[in-house]
Amino acid sequence: MTRILYDLALGDEDVRPSPYCWMVKFALLHKGLTFETRPVRFADKSKYPDPDYGKVPVLIDNGEMIKDSPVIAAWLDRKYPQNPLTSTKAEKAAAEFYGAWGSSALNAALAPMLMLRLANAVADEDKAYFRMTREKRFGKTLEEVAATPGAAERAQAVLNVLAAPLSSHRYLGGGAPNLADYVVFSSFMWQRTVTLKELYPAPEPVAAWRERMLDLFDSYARNAKSADAA
Ligand SMILES: N[C@@H](CCC(=O)N[C@@H](CS)C(=O)NCC(=O)O)C(=O)O
């Protein structure tokens, strides 16, 4: 049985920033499934398992190709029912909410502090592609994105939302981590793999939860390489 996860890499191939790939790595670890990661860079789509799709994560599970992180998570729960990522419809709905909130509110709040750092850390052959695609997405230069006023304050305000559930629960999943934790924490891995610097003050319940998440699975995430250290 081979399980290969195609994972986005920066200039240093060991630095893996993609939040969606992180979510799938956590999902596999949660289920106790072994896997290898295969790094791909941004621009050279010929190295992707599906060049027309042109994105990762893509999981190849014993020859079967599954794409798109929420689809991969749902597929893993169907194929490997042990240690479910979500056990009830309510948990599934909550994880869907957190996924949408993470990729809109949280990622948007973090982006001004990360985009220019990412642009500097991608491989030389990716630099023009990265700048062109991201400037098109933001509708401004990466320097303008980085100069967004009040970015740290906005991140703090967004994290205050997360402090609400984490003030009374150890995890977003309640007493133990579930898919909701993995989708949100993946955004913090996007940040952590780009820089280990403290970019904004995090509310205490969120900071404590992040430490708990870093400890999971023998500190898998804590041991991930950051571009700072590359
Ligand atoms: N909806 C997809 C989004 C995947 C996605 O956007 N992946 C990014 C990395 S985070 C990517 O492959 N980017 C390649 C590129 O920018 O060319 C998922 O959840 O898996």
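This is a predicted model: local features need pLDDT of at least 70, side-chain atom pairs count only at pLDDT 80 or more; totals for chains, interfaces and linings use all residues.

Student: What makes strand 3 and strand 4 a pair?

Tutor: Strands are DSSP runs of E with at least two residues, and helices are runs of H or I with at least four, numbered from the N terminus. Two strands pair if DSSP finds at least two bridges between them. Strand 3 and strand 4 (residues 64–67) are joined by four bridges, so they pass. They run antiparallel. Two residues lie between the strands of this hairpin, and asparagine 62 there takes a positive phi near 50°.

Student: Which way does strand 1 pair with strand 3, parallel or antiparallel?

Tutor: Antiparallel, over four bridges between residues 3–8 and residues 58–61. In strand 3, isoleucine 60 is the partner of isoleucine 4, and valine 58 is the partner of tyrosine 6.

Student: And in which sense do strand 1 and strand 2 pair?

Tutor: Parallel, with five bridges to strand 2 (residues 36–40). Leucine 5 has threonine 37 as its bridge partner, and aspartate 7 stands opposite proline 39. In a regular strand, side chains alternate between the two faces of the sheet.

Student: What makes the β-α-β unit right-handed?

Tutor: The unit is strand 1, helix 1 (residues 19–30) and strand 2. Point the strands away from you: the path from the first strand over the helix to the second must run clockwise. This unit is right-handed, so its path runs clockwise.

Student: Why is phenylalanine 26 called buried?

Tutor: Count the C-beta atoms, placed from the backbone, within 10 Å of its own: 20 or more means buried, 12 or fewer exposed, in between partly exposed. Phenylalanine 26 has 25 others, so it is buried. This residue sits in helix 1. Beyond its neighbours within four places in sequence, phenylalanine 26 is in contact (C-beta atoms, placed from the backbone, within 7 Å) with Tyr182 and Ser186. Tyrosine 220 is 194 residues away in sequence, but 9.0 Å away C-alpha to C-alpha.

Student: How do you know that the radius of gyration agrees with a compact globule?

Tutor: The rule, over C-alpha atoms, is 2.2 Å times the number of residues to the power 0.38. For 230 residues that gives near 17 Å, and the protein has 17 Å, so they agree. The C-alpha atoms fill a box of roughly 45 × 45 × 30 Å along the principal axes.

Student: How many helices and strands are there?

Tutor: Eight helices and four strands. From the N terminus, the order is β-α-β-β-β-α-α-α-α-α-α-α.

Key: Residues are numbered from 1 along each chain as its sequence is written. Two residues are in contact if their C-beta atoms, placed from the backbone, lie within 7 Å.
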